[in-house]
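Have the model open alongside this report.

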There are 2 protein chains.
Amino acid sequence: MALSRSLRRTNPITIVLAGLLAIGFLFFIFSPTSTAAFTSQERHDDAAQNPLSPPTKPFHKSQAAGNKRAPPPVVHYNMNNLTSSRDAAQNRERILVLTPLSRFYSGYWENLNKFTYPHQYISLGFIIPKTREGNAAYSALQSAITKVQSGPIDDRFASITILRQDFPPPIQSQDEKERHKLENQKIRRESMSRARNSLLFTTLGPATSWVLWLDADIVETPPTLIEDMTSHDKAVLVANCYQRFFNPDTKEMDIRPYDYNSWTDTPRSLDIANSMGRDEIMLEGYGELPTYRNLMALSADRSPERNTREIMELDGVGGTALMVKAAVHRDGAMFPPFPFYHLVESEGFAKMARRLGWKCYGLPNYFVYHYNE
Amino acid sequence: MALSRSLRRTNPITIVLAGLLAIGFLFFIFSPTSTAAFTSQERHDDAAQNPLSPPTKPFHKSQAAGNKRAPPPVVHYNMNNLTSSRDAAQNRERILVLTPLSRFYSGYWENLNKFTYPHQYISLGFIIPKTREGNAAYSALQSAITKVQSGPIDDRFASITILRQDFPPPIQSQDEKERHKLENQKIRRESMSRARNSLLFTTLGPATSWVLWLDADIVETPPTLIEDMTSHDKAVLVANCYQRFFNPDTKEMDIRPYDYNSWTDTPRSLDIANSMGRDEIMLEGYGELPTYRNLMALSADRSPERNTREIMELDGVGGTALMVKAAVHRDGAMFPPFPFYHLVESEGFAKMARRLGWKCYGLPNYFVYHYNE
């Protein structure tokens, strides 16, 4: 915290560059492809008049008044139908996918582009640190975006926002061992909280129904990730983040748990929290400091016949693939960059959501996969 | 909290109606008026192509490519100059004025319209409860907006967003005595926190430099309010909220303190907080429960020759006329709807901002005036 603060004093967090990118559906009428579920007329009606559109919704077209187009003094978005429901696609609910990005993995981008949820209802938001590595990621992301947003209509996303932060992340190395060192972890996750908050506060719009937090190193999910997760109709729902690896014992590819931040408390873990100093935090996944929590990562049924809709209530959640009803964020739930009930970042977010009266859940048998570094 | 929560379970907070209203500056060239500080060409260049614009910034015009306008695949907002500085107007910093509104006071609107800060850099955001009283306020606000946004160019605001919440506020009566009852105050301020958060998360955009929280019952401020407050270049700065009244003793109009939520802690007030149960909160302005804080309301010099730039550091701030650098909110500072260090709403916000490493200040001799009910 001390390091983080002193950095902030000299370089207070400001966003120095934001790109708001979007391709409207103006030329839809000429397009050879179409989405079965949405008629050509519907998509045309929904199209933005301007290729730039707000993060969450294309503009309504202005009314033609006689010969010349007069700007209307008052224009309404009728949002009586703004819902976040188990039938998200059918209700045309808009999803905001938010990703803090310090490295660009083509696996992440390809997986994202395979999402079957109608892309015209998906907006993307990225925040990229202002480092050499971040610059490279920014370039790679832009090339990828340009290609997709000028490709087939059905592949294009509703809008894309990129934010750059002008302060370096507290730990320069993204090397996995360095990144996970216990003493670095607190600083790293407080910095990550600020990045997530900047992204969230800047991109959430009036028409957003759901926010999907999807980490940049998640390279494989079911293509139906959005449909699957929204279908549970939960305020906060996290998938189980695993990793594929070559198992030297079996000489075969295998999977292992990766993200340990989704858990339920136990009497013993609560005792530990209660005995802590006000500014201490509990971190998961360090042998020298056991938390005695029940970890969702270790509750998975890995058998092929497992029930992927199995659900469990959680006290803490990880941020790797996390679906949140926009109303939870609008209530004020954010990622605390300071110890909040001895928790920070996504785990602190879960506590804050619960403090606001919402409940958090996880899908122990529904896997998403982390890049293997 | 119990009442608030049970209301929320049956009617979870969702925004049921949002109007995004804006008049671009397309016709500036035909306008007979002009702002001295900004040339006609500059304002024309800055104009939105579409009469609808995002909450914080008009669109850049797309580039004409030969005969037909091609939507560019990638468009950048160059935001290297996004600052929040003491020379806000000169740096063309965009201000987002946010107002939770349950009654429409013409005094509020007239005062707002007299602001000398260039209106093309001011966006407005309102959140209105879905009650009978709220409906009336909504209608009145719309009429007022229509008039201003179709009036002289220089009077028009950059954009206006209205959100409706679909749950009734916990206390139906807005009668002053009822509203201030101690037992109602906690519930009321937790509900107000949710309203402020909804408004903030939904309207803050990538180009916002400052957020001015201005309550709907503030009917008189200096017209230079924005210039005056930004000129101090503080992360969080609150004006002193007073009220004009007829003094029966002197038989003359007089002023008296109104908002007691701006204060500094004392050893005695900290003792009280430390002795409280986890979910108890300290509220200001109730004789039966003294807090022993130093109140900014009582630190004012009311003499005509007072120094209105006098400044004091604060631990808690009121939300009646509160200027916040957008970076503070982007960091995650919001209005806690739950007890946060025994504080809620704007006072909890101040604590959260301080927890994030920012400092809060107040202007004891700089008055804004509350409606006299």
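## Core, helix and backbone

The largest nonpolar core of this predicted model has 70 residues. Val236(A) and Val236(B) make the most contacts inside this core.

Next, a helix in chain A. Helix H4 of chain A covers residues 132-149, 18 residues in total. From first C-alpha to last, H4 reaches 26 Å, close to the 26 Å expected at 1.5 Å a residue.

Which residues of H4(A) are buried? They are Gly134(A), Ala137(A), Tyr138(A), Leu141(A), Gln142(A), Ala144(A), Ile145(A), Val148(A) and Gln149(A). An α-helix has 3.6 residues a turn, so residues three or four places apart point the same way.

Now the backbone. Most residues other than glycine have a negative phi. Tyr341(A) is not a glycine, yet its phi is positive. Glu345(A), also not a glycine, has a positive phi too.

| Residue | Phi | Location in chain A | Relative accessibility |
|---|---|---|---|
| Tyr341(A) | about 50° | loop between helix H9 (326-330) and helix H10 (345-355) | 23% |
| Glu345(A) | about 50° | helix H10 | 5% |

Glu345(A) is buried because its 5% is under 20%.

Notes:
Residues numbered from 1 in each chain as written. Chains lettered and ligands numbered in written order. Predicted model: local features only at pLDDT ≥ 70, side-chain atom pairs only at ≥ 80, totals over all residues. Heavy atoms only, no water. Helix = DSSP H or I, 4+ residues; strand = E, 2+ residues; numbered from the N terminus. Expected span 1.5 Å × (residues − 1). Buried < 20%, exposed > 50% of the residue type's maximum accessible area, 1.4 Å probe, protein only. Core = buried A, V, L, I, M, F, W, Y, C linked by side-chain atoms within 4.5 Å.
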